[in-house]
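Dear colleague,

Please find below the structure that I am handing over to you.

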Amino acid sequence: MTIYQSAKSLEYYVYAYLRKDSSPYYIGKGKGKRAWVKTDKHHPPKDLSRIIICESKLTELGSFALERRLIRWYGRKDNGTGILRNLTDGGDGVSGLKHNKTSRKKMSDIAKGRRRIFTISLIFLYSLIVTGK
């Protein structure tokens, strides 16, 4: 890697979610709309003015490093070291992971098995309700 980066490689940023008192409660790394999009594990504040970009135009490696540094600086609530709700020390995760066909097939089979068990459970539960046993 050279000291000169393409614009494509400088697409990452580090963001923080702020409490009403302006102290951070979550530090994250992202690109695109990541900081503003709600997911299963990721809940941005309703007041979007409480999302700040700490640093932008970073490489992925640079964003991981800054995320780890900020989490270490503020500390985590879950391990008793600070104020953040982060559950990891940062710098982890896989960006742009694309599962191959084999992995997708395995995940699909697992999901189908769960749906089948759930359906059988519902049928059994329904039969208990109908028969009163």
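Arginine 76 counts as buried, at 9% relative accessibility; buried here means under 20% relative accessible area, exposed means over 50%, and partly exposed lies in between, with a 1.4 Å probe and protein chains only. The model is a predicted one, in which local features need pLDDT of at least 70 and side-chain atom pairs count only at pLDDT 80 or more, while totals for chains, interfaces and linings use all residues. Residues are numbered from 1 along each chain as its sequence is written, and side-chain values use heavy atoms, with hydrogens and water left out.

Salt bridges

Arginine 76 and aspartate 78 meet through their side chains in a salt bridge, at 2.8 Å from N to O. The criterion is a side-chain nitrogen of Lys or Arg within 4 Å of a carboxyl oxygen of Asp or Glu. In contrast to the buried arginine 76, aspartate 78 is partly exposed, at 45% relative accessibility. The structure holds four salt bridges.

Another of them joins glutamate 11 to lysine 31, with the closest N and O atoms 3.3 Å apart. This pair connects distant parts of the chain, 20 residues apart: glutamate 11 belongs to the segment before strand 1 and lysine 31 to strand 2. Helices (H or I, at least four residues) and strands (E, at least two) are DSSP runs numbered from the N terminus. Both partners are partly exposed, glutamate 11 with a relative accessible area of 27% and lysine 31 with one of 38%.

Glutamate 60 and lysine 29 form a further salt bridge, their closest N and O atoms being 3.4 Å apart. Here, too, distant parts of the chain are linked, with glutamate 60 in helix 1 and lysine 29 in strand 2, 31 residues apart. Glutamate 60 is partly exposed at 25% relative accessibility, whereas lysine 29 is buried at 14%.

Seven antiparallel bridges pair strand 1 (residues 12-18) with strand 2. Lysine 31, already named in a salt bridge with glutamate 11, is also the bridge partner of tyrosine 12.

Nonpolar cores

The largest nonpolar core has 10 residues: Tyr12, Val14, Ala16, Leu18, Ile27, Leu58, Leu66, Leu70, Ile71 and Leu84. A core of this kind is a set of buried Ala, Val, Leu, Ile, Met, Phe, Trp, Tyr and Cys residues joined through side-chain atoms within 4.5 Å. Strand 1 and helix 1 each contribute at least two of its residues, and strand 1 gives the largest share, namely four. Apart from this core lies another, of six residues, including Tyr13, Tyr17, Ala35 and Ile51.

Leucine 66, one of the residues of the largest core, touches Val14, Glu55 and Leu58, leaving aside residues up to four places away in sequence. Contact means heavy atoms within 4.5 Å.

The loop between helix 1 and helix 2

Is asparagine 86 buried or exposed? This residue, found in the loop between helix 1 and helix 2 (101-131), is buried, with a relative accessible area of 3%. A polar atom of its side chain lies 2.6 Å from the backbone oxygen of isoleucine 27. Not counting residues up to four places away in sequence, asparagine 86 touches Tyr25, Tyr26, Ile27, Ile71, Arg76 and Asp78.

Leucine 87 is found in that loop between helix 1 and helix 2 as well, but counts as exposed, at 67% relative accessibility. With residues up to four places away in sequence again left out, leucine 87 touches Arg76 and Asp78. Its C-alpha atom is separated by 7.3 Å from that of arginine 76, 11 residues apart along the chain.

With kind regards

Notes: Two strands pair if DSSP finds at least two bridges between them. A polar contact is a pair of N or O atoms within 3.5 Å; within protein, one must be able to donate a hydrogen and the other to accept it, and residues adjacent in sequence count only if both atoms are side-chain atoms.
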